[in-house]
Amino acid sequence: MMNSELPEDHQRRTLRERLEVIQVRTEKATSWRDTAEPLRSLINREGYVPISARLAGEDLEFLSEARDELLNFTELGIRLLDLHQPRDAGGITSDAANPILRCRSCMWRWPCPTFRAMAEAFSFREPGSRGSERDRHPDTGTDADPGGDSA
């Protein structure tokens, strides 16, 4: 019989906690929507607000929408994390302590491509190290299984 109630793995729990921290921090932040609007009239010929921060029109647009967009983005991440979680695949295994797992949503071998992409996107990185490990398994650093079915 398949066991659909597995203890949550460390990486998945860490990812959820990171998304929830971003969500709470964003909810507490003040929206720049009202603050950015009067600054638009200060944009000079070069396209900047003449203050020491040199805010461009694009910066004001970003700041005015960032809070709402980030809240939507973290909500999406949490919902995807709820959809993509491991479940026992129900197969015969010689290692009962480590059953074969599949994603309960897409049925790919766990961790599924969606979870791996999320884990990579929200992992802590050194500045400037964006994306070079795209096809690596997040736990082992080995090449990810693109088909999801080989052992």
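Pro-111 sits in the loop that runs between strand E4 (101–103) and helix H4. Helices (H or I, at least four residues) and strands (E, at least two) are DSSP runs, numbered from the N terminus. The model is predicted: local features need pLDDT of at least 70, side-chain atom pairs count only at pLDDT 80 or more, and totals for chains, interfaces and linings use all residues. Residues are numbered from 1 along each chain as its sequence is written, and side-chain values use heavy atoms, with hydrogens and water left out.

| Site | Feature | Value |
|---|---|---|
| Trp-110 and Pro-111 | cis peptide bond | omega about 0° |
| Met-107 | positive phi, not a glycine | phi about 65° |

Met-107 also belongs to the loop between E4 and H4. Met-107 counts as partly exposed, at 41% relative accessibility. The classes are buried (under 20% relative accessible area), exposed (over 50%) and partly exposed in between, with a 1.4 Å probe and protein chains only.

H4 spans residues 113–121, and its buried residues are Phe-115, Arg-116, Met-118 and Ala-119. They lie on the same side of H4 because they cover an arc of only 165° around the axis. That arc is taken from the directions from the helix axis to the C-beta atoms. Helices H1 (10–28) and H3 (57–83) are among what covers them; contact means heavy atoms within 4.5 Å.

The largest nonpolar core has 12 residues, including Leu-15, Ile-78, Trp-110, Phe-115 and Phe-122. H1, H3 and H4 each give it two or more residues. A second, separate core has 5 residues, among them Ala-36 and Val-49. Such a core is a set of buried Ala, Val, Leu, Ile, Met, Phe, Trp, Tyr and Cys residues joined through side-chain atoms within 4.5 Å.
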